[in-house]
Amino acid sequence: MSLEHTWPAWGLDEAGRGPILGPMTLALVALDAAAATELRSLGVQDSKRFGAGPKAQELRASLAVEIRRLARVCVCVEIHVDIIDEHTFRGQLNVLEQRTALKLLADAGAPEDAHIIADGCRIFTPLQRSYPRLCAVDKGESAHVSVAAASIVAKHARDEAFAAIAARYAAEFGPIAGGGYLNAATRRFLDAYNKVHARLPPEARKSWGAEKVDAGDQLSLMAD
């Protein structure tokens, strides 16, 4: 498959595959040549390069508005924790992403010969059975502006989902940092929640590995 500049170009990318807390999001963005040029001039690039702090989130939010304004198609779906757990326990997280991507493409009316660039060679190459011109590449956000746009939309949706989780528990546990990834900040929240409720919060992915931890110390997931 080729990444030649054929328009419209459809970009696929996800955000939040790795965290222990909160949903995963998957976005599809279709751009024509004029929109791609304007979005490049606005600084659309791999969303991970923006970082994770408030300024990065504000930048993604502002760019997501421009992407939605300029794109032919811009859709994003949130995959909830229980669905992630159901598939991960069966070793089918990739299958979940594939099925979700196919539904996004079908619902958006992508033709069979659509020029699609998807981020994740191993995950999305099987979609070529349905879309022969699909090109699945690693680091797709750097390979094509349509994927960079999808990356921003997906990450912004994930930012908002995590912000909602943080707001839900702020009164009881204070500010929650860490973005939901299993780092020191997230561990502090999970351990604090466990001390009060003796279990994981409902927004936590049990399939991440937490179910293998002794019940008496369920939330001590990162050994020092």
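**View 1. The annotated binding site.** The UniProt annotation "binding site", from an unreviewed entry, covers Asp-13, Glu-14 and Asp-119. These residues are spread over 107 residues of sequence, yet they cluster in space, with a largest C-alpha distance of 7.9 Å. UniProt positions follow the numbering used here, feature names are shortened, and annotations may be inferred rather than shown by experiment. Please keep in mind that this is a predicted model: local features need pLDDT of at least 70, side-chain atom pairs count only at pLDDT 80 or more, and totals for chains, interfaces and linings use all residues. Residues are numbered from 1 along each chain as its sequence is written, and side-chain values use heavy atoms, with hydrogens and water left out.

**View 2. Around Glu-14.** Glu-14 is found in strand S1, residues 9–15 (helices, H or I of at least four residues, and strands, E of at least two, are DSSP runs numbered from the N terminus). Glu-14 has a relative accessible area of 18%, so it is buried (buried means under 20%, exposed over 50%, partly exposed in between, with a 1.4 Å probe and protein chains only). Beyond its neighbours within four places in sequence, Glu-14 is in contact with Met-24, Thr-25, Leu-26, Glu-97 and Ala-154 (contact means heavy atoms within 4.5 Å). A polar atom of the Glu-14 side chain lies 3.3 Å from the backbone nitrogen of Arg-17.

**View 3. Around Asp-119.** Look for Asp-119 in strand S4, residues 115–119. Asp-119 is buried too, at 13% relative accessibility. Leaving aside neighbours within four places in sequence, its contacts include Asp-13, Phe-124, Val-137 and Val-147. The Asp-119 side chain also reaches the backbone nitrogen of Lys-139 at 3.1 Å.

View 4. Glu-38 lies in helix H1 (residues 33–42) and Arg-69 in helix H2 (residues 54–70), so the pair ties together parts 31 residues apart in sequence. Glu-38 is partly exposed, at 33% relative accessibility.

View 5. Lys-155 and Asp-159 form a salt bridge with closest N and O atoms 2.9 Å apart. Both lie in helix H7 (residues 145–173), four residues apart, about one turn of the helix. Glu-203 forms a salt bridge with Arg-168, at 2.7 Å between the closest N and O atoms. Glu-203 is buried, with a relative accessible area of 12%.

Notes: A polar contact is a pair of N or O atoms within 3.5 Å; within protein, one must be able to donate a hydrogen and the other to accept it, and residues adjacent in sequence count only if both atoms are side-chain atoms. A salt bridge is a side-chain nitrogen of Lys or Arg within 4 Å of a carboxyl oxygen of Asp or Glu.
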